Amino acid sequence: MMSCSCYSLTRKLLVTAIAVALPGMAVAEPTNADLQGQIDALQSQVTALNTEVNQATEWKNPNTLIHTAGYADVGYVKKEGQDGSFVVGRFAPIFHYQYRDIVMLEAELEFEVGEDGETEVALEYLTIDWFLNDYAVLVAGKFLSPIGQFRQNLHPSWINKLATPPPGFGHDGAAPVSDLGLQVRGGFPFAGMRANYAIYASNGPEINAETEDGIDYELDGVAAEGFNADVDGEKTFGGRFAILPVASVEVAVSVAGGKATVTNVEGEEPPLPPGTVGPVANQTARDYSVYGADFVWFTGNMSVRGEFVKTKVGNDRSAGVTASDGATWQTWYTQVAYRLPNSKWEGALRYTDYDSPHDSVDIKQAAIGLNYLVTNTFIVKLTHEFNEGKTDQTTGVKYATDDDLTVLQLAYGF
Amino acid sequence: MKFINDTIHSSVFFAAYLMVAGGFLITALLTTALFTTAQASNYPAAGNFSEGSKVWAENCNRCHNMRGPKELRDDQWITTTFHMRLRAGLTGQETRDVITFMQASNTKAGATQVAVESSTGATGKETYEKTCVACHGDEGKGAFPGTPDFTSSDGILAKSDAELIRNITNGFQSEGSPMAMPPKGGNPNLSESGIKAVLAYIREAFGQ
């Protein structure tokens, strides 16, 4: 009580003092010199501020921009019949260097840790993108294959709704991974709709042949992984054309064609150019073609997408050639993802059917996923694959592709 | 009398001086600030903000979850959007529009645009179809995750007009929400009466 009244008394006194002092201050007429001094002080303050502000803008306005992005994932993997392991999936930094609106360099490295603990580094892509005009960009270098959508648009772990890629879209699968050459791509309005395209010329793939008994050889896989030399001298040409009839739908077709040669035969040191001795000798370039179609449709909280890819390699009937029969690889998937309205939970379902010349890798897979979106780019994913592989005709036992797989993954895109 | 006159005179002079000097300082600071914003980068050429919000809403969640303006700095949006131009197959103009939208929307709510207060004379329905539909959808249910469903009965339309008008005007991001509502839906020309009209339309068309 006491302190309270003391306090209010002090306040009253203060207020009175200020009330008396204020007019008094105004009364004390400032001299010209005082005013001049104040103006000078203000002026030097403004000059200092201006300098500071100008210096502060300096970094904001360079002609060169440097930016890193990328993604990483870690997790826990449990395969049917095996013990589970903690794993580091990959660390994939992306580097961007841009000079004004003329050119951009983009490069993605992929660091992975092998089961033996060794770190492997791969150059996922490296391109110089020259922005020619509003409708065309020249992309030169090693690029993600423009065929279809999974490789170029969906494979980063923070984007893929499931913790694993659909079978056939990995390495040696039906869908090409990357290629090395020149690409022109862009978007344009088309009859009131959006459209986009990519066309390319590249070194193209190489073919692997394998043998089970050392006598009969057959084609094992098409390695479309952006080779830095065109061993057979045969270029591949291809592209993708997509149209968006409405903003929420994109449908696209892809084709690629050219020649490809067996450059790698099981038991030989790769790569052996044609003309050298051994099973690679006498190989001639075979017809190589890829067809693809893909779509995406999204509405509110749901997205539906699907993709079909077929890779075909022709016969080589010249004398003395191993694995003279051609082969076809084919895969398709459809995926539905649904995010519960106003929540961080998302469910995903994907069905894939991959068919290759080899029973041991053929697979039908239903994958189911439950995702928790901590943020839009930091996602906790629980994925389970129900896998159905084929049976080995000689032993009557199911191939390892038949084993189910569960993955818990933390994926972060940055 | 002379003393009082002089006193008044000098106080007025002093006050006027303070006002002019203060005004000068504030103007100086403001112009530098505005100048700085406009000069953040002199490339690419400025795009169209509301076209940009549309291109963004329609394209940027096709492959991955929506990436909101507040995630990156102005210069980072240039490289990222050029990168996405290649991925998404955008035209150069769409790219510039998105950059303009991103750069203007990553500032603190309220500090965004220098609003040009002029009524466009559009009806609430016209405004909705021009400015809001890209994010809120034809049926008011939201065009992508993070936008509210206006039609849900216990939804946000239960809030008062005053609160909703404030949130539309200044922009708004609720706790933990992945996406922000841009001030005036990204249309700086939207006047106060325009906002009232569009809110009335939203209530009429989607409210329960």
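**Figure 1. Helix 6 of chain B and its covering.** In this predicted model, helix 7 of chain B is among the elements that cover the buried residues of helix 6 of chain B. Those buried residues are Leu164(B), Ile165(B), Asn167(B) and Ile168(B). They lie on the same side of helix 6 of chain B, because the arc that they cover around the axis is only 165°. After helix 6 of chain B comes Gly171(B), which has a positive phi, near 85°.

**Figure 2. The loop of chain B that carries Lys184(B).** The loop between helix 6 (161-170) and helix 7 (192-206) of chain B contains Lys184(B). Although Lys184(B) is not a glycine, its phi is positive, at about 55°. Most residues other than glycine have a negative phi. Lys184(B) counts as buried because its relative accessibility is 8%, and the limit for a buried residue is under 20%.

**Figure 3. The loop of chain A that carries Ala191(A).** Ala191(A) is placed in the loop between strand 6 (178-190) and strand 7 (193-202) of chain A. A positive phi, near 50°, is found in Ala191(A), a residue other than glycine. The relative accessibility of Ala191(A) is 68%, so this residue counts as exposed; the class of exposed residues begins over 50%.

**Figure 4. A cis peptide bond in chain B.** The bond shown joins Tyr43(B) to Pro44(B); this peptide bond is cis, and its omega is near -15°. Most peptide bonds, by contrast, are trans. Pro44(B) belongs to the loop between helix 1 (2-38) and helix 2 (49-59) of chain B.

**Figure 5. The second largest pocket.** This pocket holds about 1000 Å³ of space. Its lining consists of 49 residues, and those nearest the centre are His136(B), Gly146(B), Thr147(B), Pro148(B) and Asp149(B). At least two residues of the lining are supplied by each of strand 15 of chain A and helix 5 (124-136), helix 6 and helix 7 of chain B. Helix 5 of chain B gives the largest share, four residues. By class, the lining of the second largest pocket comprises 24 nonpolar, 18 polar and seven charged residues.

**Figure 6. The largest cavity.** The largest cavity is lined by 20 residues, of which Lys161(A), Glu346(A), Asn61(B), Asn65(B) and Pro145(B) are the closest to its centre. Strand 14 (302-313) and strand 15 (327-339) of chain A are the elements that contribute two or more residues to this lining. The lining of the largest cavity is made up of eight nonpolar, seven polar and five charged residues.

**Figure 7. The surroundings of Thr352(A).** Thr352(A) forms part of strand 16 (residues 345-355) of chain A. Because its relative accessible area is 0%, Thr352(A) is buried. When neighbours within four places in sequence are left aside, the residues in contact with Thr352(A) are Pro166(A), Pro167(A), Thr331(A), Trp332(A), Tyr333(A), Ile363(A), Lys364(A) and Gln365(A).

Key:
Residues numbered from 1 in each chain as written. Chains lettered and ligands numbered in written order. Predicted model: local features only at pLDDT ≥ 70, side-chain atom pairs only at ≥ 80, totals over all residues. Heavy atoms only, no water. Buried < 20%, exposed > 50% of the residue type's maximum accessible area, 1.4 Å probe, protein only. Contact = heavy atoms within 4.5 Å. 1 Å grid on protein atoms, 1.4 Å probe; cavity = no way out; pocket = protein on both sides within 12 Å on 5 of 7 lines; lining within 4 Å. Nonpolar A, V, L, I, M, F, W, Y, C, P; charged D, E, K, R; others polar. Arc of directions from axis to C-beta. Points joined across faces, edges and corners; volume = space filled by probe spheres on them.
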